[in-house]
Amino acid sequence: MQRAEESVRAQGEMRTQRAEESVRAQDEVPTQRAEESVRAQDVKQSKPKSRRGRARARAAAARAADTTTTTTTNNNNNNNSTPSLPKASLVEIATCFLYLHLPPITNISDALSTLPKKYDIFGSDNNKIAILPRSAFNHELFDSATKAASADSIRSFFADVAAHLKVQRLATRNTKDGGIAADGKRTSTIRLLHGDSGWVKHNELGVIYFFDVTTNMFSRGNAVEKQRMGSIDMSGEHVVDLFCGIGYFTLHALVHSQAAHVTAMDWNTTATDALRRALPLNGIDANRIDIRTGDNRLVAPVGVADRVLLGTLPSSECSYDVAVRALKPTGGILHVHGLAYGGADGESAWVRDVIRKMQSICDDCGNKMQATLADSPPQPVRVKQYAPGCYHVVADVCVSPFKKPPPPPPPPTTTTMPMPPPTPSGTNGTTAAAAVAAAGVVAAAMSLRRRSAAVVVGSATVAAAATAAAAAAATAYLSKQREAATVPCRDDDSCWKLREVDGASLQSRDDFETRVIGSNTPCIVRRLLPQLARLSAEAKWHANWDASALLSCCDTSSPVVVHRCDHTPVLTFHPTRNYTFETLAIGELVERCSKVNGDSHFYLRSVGADARKEPSRLDSTFPQLHAALGLPALEKLLLPSDAHSSVLRMSGARVSVWAHFDCMDNILASVVGDKEVFLLSPDHDASLGGRGALSSPPVTFEEFEELARREGAVAHLRAGDALYLPSLWLHAAREASGSFHASVNVFWPHGTASTPSRDPYANAPPVAASAALKLCSSASSRRALGLVPVGLTPEEASLVRDSDRSLVDLLSQLPTRHKRFWTRRCTRLLDT
């Protein structure tokens, strides 16, 4: 018996000594006294301690080795500030838990260093919850002990921690970004450790929030802006909150600012549910608020707001156009949130960028409004530091009516080949006038600036070449050209504005031709895909469609040929191509496009079975997707003629495609994500250096974007929206939501233009235009059209007449827009 007792005592002394050595590593001098106390107690006892008793003794040693510390917190609410946290008490609780469920020789000093030093408390009364940082108890030894412990033991451990913190429940953050999921909806990733529910009733700045911490984000750092919103007098105003969340600013507008009505929306269902639950707690009449669940780009009202709140980070740019359209025709205030880098200079640059983009949207909408910065308070308002060198800021933008100065009068036009003065009647006078009129066919049709200096024709020679029939035809054609010159040009920048129509208004082909095609200028069709879903029983598209929904309508192993560009998302065609072609399965392509930070960038423009001969047809390559998007309804019920092709486009974040034009009319519908399309009228073709039959001008994407913002328009397409693009309109596109994007194109011939038999990409000139270009580029026609500084022989004069008639005939076969465009291209060929 005595030997057994000595053996047990020896084992106890050995375990105690090892625990003492572990604690001594943290603080050797204070710990030595605790070690001697524990050793003395073990030696004196004739009966060994129980395992729990030894754990408590070691915890006492650790408590003696530590000093009491006071925690800090970022809590802005005095009633819920974090109390002093005696580290020694938590050390005791944690030490007991670890030594009960780990081998006795384990060194727990590193695990004890993960005990929380600060935490947040939410809730009130006797139903508080403490949110611990992600680092709390985040150690492999705690993981091992938790796996070895029973459910009751774990429950007891966290209950002891909660009791020590004077709360009833515990939770921890799961991610580095403050417990917020990277899903675009700012969903909470907080995990409950102790307690039966994450719902809390939290009072802050005189407003009661009611939310579930495990599903909804709550930021105390926004208290400055919440308080500012609550101090603004909004009496009688209709406020639209595009990113309401659980009511961060909405509740302050209703409770403190006395807004007459608020339209609040968020695409996080749990957030809008929490806002509804908070209304009665704040004594808010439900008739004063309209809560909408969904993407604000689809559910936001139009033309009703006095004030719009854009409170989301890192940027609310995706909804700038939504905010402008939500304002009343008399204008209003936009509270724009964002991130600014680089101190005061960076904040000023951010404000200028916001104003520039808001003004651009006002111009695109054609509502004659101006965007300016509010006079007070000093702009922007700094809310909090978001990261080192980065601040969360808010700009108050005033949108108000203004009158644009009248455009300057157009410069006087000069005629390169003026009509000759009246000549006396007679053979020589008549034949001379006929000769000049005959030569004027080419001058009027082609607007040749150098023709008057280049063509020197003797009256006798031309008289022999010209006939009365040619003179009559030339005079008639010249008369038509003069009449056409007096009609305002719809292609001119001063004559067109980017239009918008509601897709719900399109029921038939007549509706489409009247409302969308209309004046043959670009037009945004809002919510076209939802309308196609109503018109087609097989359509499946809805507002929450994502990449997985799209792939469910495709064979993920189907091979597609894609553009691959390394190191930059900007695909260029001029001066050289910076991309290569690669074949991938469509499922793999979607996966790669979904990677935001990849080194390689991918872009898909679907092609036919024979890419050089056949156009893309989604009804044959991806028939399920074709039906799911409602494209049969678009092609059979709405389009003015049979579709030439249907194209699937996919890209990764911020991928942009070079500027170009199409020779057919088309409509581009955004299926997943957002897209920006930069637009310029065909009149800009010459200034951009367009030549021959090439459909891509030799400019960079950045140059084209800058010119489009200044002299053209920018179409912002949200998922479900579409853009009607008339043929020859110059455009460049870029993914705008920072993630995977998919869209579809449907092309159809413009007017009566005869299209070439091989035009797989819808960018080949009409047959007549192609023939005219070839005629102007050939050496014989250049000589025949008078580009020789000598008199013409009779044979040459005859050739002038024949070439003149062939060019006139060819260009006359084209629709008005194509005739004007390709005539200019022919002119530039002849002038070089």
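Biologist: Which strands does helix 7 lie across, and at about what angle does it run to strand 4?

Modeller: Keep in mind that this is a predicted model. Helix 7, residues 151-165, lies across strand 2 (129-132), strand 3 and strand 4, and its direction is at about 90 degrees to that of strand 4.

Biologist: What makes strand 1 and strand 4 edge strands?

Modeller: They belong to an open sheet of four strands in the order 1-2-3-4, with mixed pairing. Strand 1 (120-122) and strand 4 (191-194) each have a single partner strand, so one side of each has no neighbour in the sheet. On average, neighbouring strands here are turned by 30 degrees against each other, ignoring direction.

Biologist: How do you know that strand 3 and strand 4 pair?

Modeller: Pairing takes at least two bridges between two strands. Strand 3 (residues 169-172) and strand 4 have three bridges, in the antiparallel sense, so they count as paired. If you want to see an example, look at Thr 172, whose bridge partner in strand 4 is Arg 191.

Biologist: Let's stay around there. Why is Lys 166 called exposed?

Modeller: The cut-off for exposed is over 50% relative accessible area. Lys 166 has 65%, so it is exposed. Lys 166 sits in the loop between helix 7 and strand 3, and it has a positive phi of about 60 degrees although it isn't a glycine.

Biologist: What about Leu 728: is it buried or exposed, and how do you know?

Modeller: Buried means under 20%. Leu 728 comes in at 0%, so it is buried. Leu 728 also has a positive phi, near 75 degrees, without being a glycine. You'll find Leu 728 in the loop between strand 25 and strand 26 (730-735).

Biologist: Why does Ala 633 count as buried?

Modeller: Ala 633 has 5% relative accessibility, so it passes as buried. Ala 633 is part of helix 24, residues 631-638. Setting aside neighbours within four places in sequence, Ala 633 is in contact with Leu 532, Leu 535, Ser 536 and Leu 638. Ala 633 and Gln 531 are 102 residues apart in sequence, yet their C-alpha atoms are 9.6 Å apart in space.

Biologist: How much of the whole protein is buried?

Modeller: Of its 832 residues, 51% are buried. The accessible surface comes to about 37,700 Å², and carbon and sulfur atoms hold 53% of that.

Biologist: Which residues touch the most other members of the largest nonpolar core?

Modeller: That core has 52 residues, and Trp 545, Met 650 and Val 671 touch the most other members. Beyond residues up to four places away in sequence, Trp 545 touches Lys 540, Leu 550, Cys 553, Leu 625, Ala 628, Leu 629, Val 671 and Val 672. Apart from that core there is another one, of 35 residues, including Ile 246, Ala 278, Ile 289 and Ile 291.

Biologist: What joins Leu 313 and Pro 314?

Modeller: A cis peptide bond, with omega at about 10 degrees. Pro 314 is in the loop between strand 10 (307-310) and helix 12 (320-326), and Gly 311 is in the loop between strand 10 and helix 12 too. Leaving out residues up to four places away in sequence, Gly 311 touches Phe 243, Phe 249 and His 337. Gly 311 and Tyr 248 are 63 residues apart along the chain, with 9.0 Å between their C-alpha atoms.

Biologist: Last one: which elements have the lowest and the highest mean pLDDT?

Modeller: Helix 15 (residues 451-454) has the lowest, 34, and strand 25 (residues 722-725) the highest, 96. Over residues 477-494 the pLDDT is below 50, although the stretch has 28 contacts in the model beyond near neighbours in sequence. For the protein, the average pLDDT is 76, and 72% of the residues score at least 70.

Note on methods
Residues numbered from 1 in each chain as written. Predicted model: local features only at pLDDT ≥ 70, side-chain atom pairs only at ≥ 80, totals over all residues. Heavy atoms only, no water. Core = buried A, V, L, I, M, F, W, Y, C linked by side-chain atoms within 4.5 Å. Buried < 20%, exposed > 50% of the residue type's maximum accessible area, 1.4 Å probe, protein only. Contact = heavy atoms within 4.5 Å. Areas by Shrake-Rupley, 256 points an atom, 1.4 Å probe, with all protein chains shown as cover. Helix = DSSP H or I, 4+ residues; strand = E, 2+ residues; numbered from the N terminus. Axes fitted to C-alpha atoms, helices over the stretch in contact; angles between N-to-C directions. pLDDT = per-residue confidence, 0-100.
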